[in-house]
Amino acid sequence: MSDQLLTIIIVVAVIAIIGIGAIAFVSKGRKPKTPYTSERDANDPPAGTGTLTEEREDTETPSAPGEAAATEVVEAPAPPQLDVPEPVQGRLARLRARLSKSNNMFSKGLLALLSQDKIDDDVWDEIEETLLLADLGTEPTLELVDALRERVKIEGSRDPQVVKAMLREELLKLVDPSMDRNYLPEPHPDRPSILMVVGVNGVGKTTTIGKMARVLVAQDKDVLLGAADTFRAAAAEQLATWGDRVGVPTVRSEIDGADPASVAFEAVSAGIDQEVDIVMIDTAGRLQNKVGLMDELGKIKRVVEKKATVDEVLLVLDATTGQNGLAQAKVFSEVVNVSGIVLTKLDGTAKGGIVVAIQRQLGVPVKLVGLGEGPDDLAPFDPEEFVDALLEG
């Protein structure tokens, strides 16, 4: 055998030995994959198809034998705490107590005059003056005085309880229980009910809408608010805050001075998409003698009605303005066809007779009354409760 052939054999042998050693080393260092130790369910990925995070945890930080892998539990955020609006009946009782306190002079004055042993023309003049001071209005006052004159003449009773019952009946006729005071239209199968809220500056429209949202939530209604008052800087934020308290969403523009009709349209569209029960649209306060602003209010209504019919237009009036509120009511009714009145601040210096005067002038019922600053100080107007409150004391 030549030296050259011997060298080749030696080189081949060395290469073979090195190759066998490398294979053995690699086989010894490889670990089998750890099988799942618990029963799989339908949501678990099949073996070998874990996420990138799982594979890294398996290769970079393996658990020691017999040691359970630590699992981080992420707790879901707690739901926001929402206000629980007071039931309507509870509000009515409290509001009646406030109204009776604020109108004691009215009831006591009338009952004292009607209970006198002798009721002459001077006494009737005082009764008439008392009614006029209560903002009842000239025509309703004359009607009530004539009706009382006739009944006193026929019945001839001076018993305070009889006189009170008689006065109650005549006042109730003026307040007119037959008027439809439902502020919630019949539900529609394919869209929400649409409510617009209008009024002059400073009467409390935005606050009223917030309180109305609470009333509706207490009645298990799904509500959406539209912040179409885009001229007052804090109006949209104020409305959203009211909504957040009871879990009601608000559609608003992030641009100050945005087109209010556009915001109202978007609110109605969102209400339809989200299948809510009621969409309430807040509008900017405006003076009734400003033609341009009133025209814009009409535009909001027209634009909204391209998407859905406006079912209710509520005019908010400050009861303390008395007869001035009548002029406001007349103009607004001509522009947007007001269908109901919300009387705010019907306590303190307010005169209860304004309810009768407004209804007589517009032929539109008072549907809601507010008697305080609290979040639940708004309630549906009840004619009998109202008259009873006027005569309590």
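1. Helix H8 (residues 205-218) lies across strands E1 (193-198), E2 (223-228), E4 (278-283), E5 (312-318), E6 (340-344), E7 and E8, and runs at about 170° to E4. Helices (H or I, at least four residues) and strands (E, at least two) are DSSP runs numbered from the N terminus. Angles run from 0 to 180 degrees between N-to-C directions, with axes as lines fitted to C-alpha atoms, for helices over the stretch in contact. Contact means heavy atoms within 4.5 Å. Helix H12 (residues 324-336) also packs on the sheet, where it touches E1 and E5, and its direction makes about 160° with that of E5.

2. This is a predicted model: local features need pLDDT of at least 70 and side-chain atom pairs count only at pLDDT 80 or more, while totals for chains, interfaces and linings use all residues. Residues are numbered from 1 along each chain as its sequence is written, and side-chain values use heavy atoms, with hydrogens and water left out.

3. The sheet is open, with 8 strands in the order E3-E2-E4-E1-E5-E6-E7-E8 and mixed pairing; two strands pair if DSSP finds at least two bridges between them. E3 (250-251) and E8 (378-380) stand at the edges with a single partner strand each, so one side of each has no neighbour in the sheet. Strand E7 (residues 366-370) pairs with E8 in the antiparallel sense over 3 bridges. Val369 has Ala379 in E8 as its bridge partner.

4. Helices H5 (residues 121-133) and H6 (residues 138-155) pack at about 145°, their axes 10 Å apart. The crossing is right-handed (near helix turned clockwise from the far one by less than a right angle). Residues in the contact include Trp124, Ile127 and Leu131 of H5 and Leu142, Val145 and Leu148 of H6. By class, this contact has 9 nonpolar, 2 polar and 3 charged residues. Nonpolar covers Ala, Val, Leu, Ile, Met, Phe, Trp, Tyr, Cys and Pro; charged covers Asp, Glu, Lys and Arg; the others, Gly among them, are polar.

5. H6 and helix H7 (residues 160-175) pack at an angle of about 145°, with axes 10 Å apart, and their crossing is right-handed. Leu144, Leu148 and Val152 are among the H6 residues that meet H7, where the partners include Val162, Met166 and Leu171. The contact of H6 with H7 divides into 10 nonpolar, no polar and 5 charged residues.
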